Amino acid sequence: MFHMHGTDLRQVPRSNSGPGRPAQMAELWARKYLSNLAACDQSLKAGAVATTRASLVDQLLSDLRSASVKAWNLTESLLAHEVKRHCIQASLVDPWQVSKDVYDIYGKALEAYAHKLSPCRLSVNISADLGKIRQRYTSADPRLIGFVSMQFHYSGQMLLKSIPKSQRALLSAYFKVVDDHLYMPLQRAYDAAAAYDYSDARLGVVQTLLPHITTIANNVVNRVNQLYPSYHCYTDCLNSRPVRISSIRDTEMFQVYLWTCVLEGRFNAIQEELFPLCVMLYPTLKVNWELVRQMLHLLAREFRHHTTFEQEQYYAPYQDALWQMFSPDLFPEVIEVA
């Protein structure tokens, strides 16, 4: 669909490939969870936490199967029309396999929570497992990951609703690890990073921006909420807590897809996976295309705060192509502001 006018986006020296880059990238991504946990950990006493965690895990493990069934029904009701409209083979999604995946992954997340293993360490440990789940579904049809990710997300949300509010913030940090790795091609980015030497400039751009991904997402979401204060999507208004969390995750997701393309030297991840997912999910969730364009515009501005002009050349072609995919010519939908 997109051709960069003869530019070979893979003409960057690569050497000394090895396993070090994926591990380094995973650690880089995981560190961002540390700062988010500081406030939660300070507010809880160690003895009380141990008792609470153990009892909560027992409860949630027993609730997990019913939560998964409810999440499946909700996901199916939301996406049934889109699955038909996009001619997705329903047989490609085995509800029993998805349920097993949900139980296995959330079981590991709850085990990490029970043993006070930090979310950042869970992120590193569980990345390969979630990468395999992503690869299994996307290899059959890239759009399936939207269905599966939503199933996981709603399963986690239902579990959180069943516990005291005082415990939700801490446990949600563990569940966010699961969301992140399913909605975002993190393992794919780690694998692509393995082809580069540590000193490679292209890898350096991603390493420069990745630590700021959540700060950038927060800045973008804050500005979008200011621009459209009365906008309501499927769940609630933009500044509500659940919509804000999802908005930040989606803004992080766009960034990770962009960095995956930069590392792979091709546009496939966005063209074959992200774009079809957005076309399938956003109308259902009542996300206006103008919101997407505003996000992309603000992302470009945020990136420039952290990179040099020379670094910008590595990601600019992909960023420009991404903008064109969601341009007003293709999606003329706009938001009427009172």
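## Ground rules

The model is predicted, so local features need pLDDT of at least 70 and side-chain atom pairs count only at pLDDT 80 or more, while totals for chains, interfaces and linings use all residues. Residues are numbered from 1 along each chain as its sequence is written, and side-chain values use heavy atoms, with hydrogens and water left out.

## The overall picture

Let's start with the whole chain. Its secondary structure comes to 13 helices and zero strands. Here helices (H or I, at least four residues) and strands (E, at least two) are DSSP runs, numbered from the N terminus.

The chain has 338 residues, and 54% of them count as buried. Buried means under 20% relative accessible area, exposed means over 50%, and partly exposed is in between (1.4 Å probe, protein chains only). Now take the contacts between residues at least 6 apart in sequence: 85% of these join residues at least 24 apart. A contact means heavy atoms within 4.5 Å.

## Two helix pairs

Two packed helices are described by the angle between their axes and the distance between the axes. The axes are lines fitted to C-alpha atoms, for helices over the stretch in contact, and the angles run from 0 to 180 degrees between N-to-C directions. Angles under 35 degrees count as roughly parallel, over 145 as roughly antiparallel, 65 to 115 as roughly perpendicular and the rest as oblique.

On the α3 side the contact uses Q97, V98, D101, I105, K108, A109 and A112, and on the α4 side L122, I126, D129, L130, I133, R136 and Y137.

Next come α6 (residues 165–183) and α10 (residues 241–264), which pack at an angle of about 45° with their axes 10 Å apart. So α6 is oblique to α10. Their crossing is right-handed; a crossing is left-handed if the near helix is turned anticlockwise from the far one by less than a right angle, and right-handed if clockwise. K176, D179, D180 and Y183 of α6 meet R249, E252, M253 and Y257 of α10.

## Rings that pair up

You can find 14 aromatic pairs in the structure. Rings of Phe, Tyr and Trp (its six-membered ring) pair if their centres lie within 6.5 Å; planes under 30 degrees apart count as stacked, over 60 as edge-to-face and the rest as tilted. One of the pairs is W72 with F147, an edge-to-face pair at 5.2 Å centre to centre with 65° between the planes. Since W72 sits in helix α2 (residues 46–85) and F147 in helix α5 (residues 144–161), the pair ties together parts that are 75 residues apart in sequence. Both W72 and F147 are buried.

Another pair is F275 and F331, with ring centres 6.1 Å apart and planes at 55°, so this one is tilted. F275 lies in helix α11 (residues 268–281) and F331 in the segment after α13 (309–325), so parts 56 residues apart in sequence are tied together. Both F275 and F331 are buried. They also belong to a cluster, linked by ring pairs, of F254, F275, Y282, W289, F326 and F331.

## Charges over rings

A charge sits over a ring if NZ of Lys or CZ of Arg is within 6 Å of the ring centre and within 35 degrees of the ring normal. R249 has its charged end over the ring of Y183, 3.8 Å from the centre. R65 lies over the face of Y103, at 4.2 Å from the ring centre.

## Single residues to look up

V178, in helix α6, is buried, with a relative accessible area of 0%. Leaving aside neighbours within four places in sequence, V178 is in contact with I105, Y106, A109, L130 and F152. The C-alpha atoms of V178 and V102 are separated by 9.8 Å, although the two are 76 residues apart along the chain. S127 lies in helix α4 and counts as buried at 3% relative accessibility. Not counting residues up to four places away in sequence, S127 touches H181, Q187 and Y190.

K116, in the loop between α3 and α4, has a positive phi of about 55° although it is not a glycine. K116 counts as partly exposed at 46% relative accessibility.
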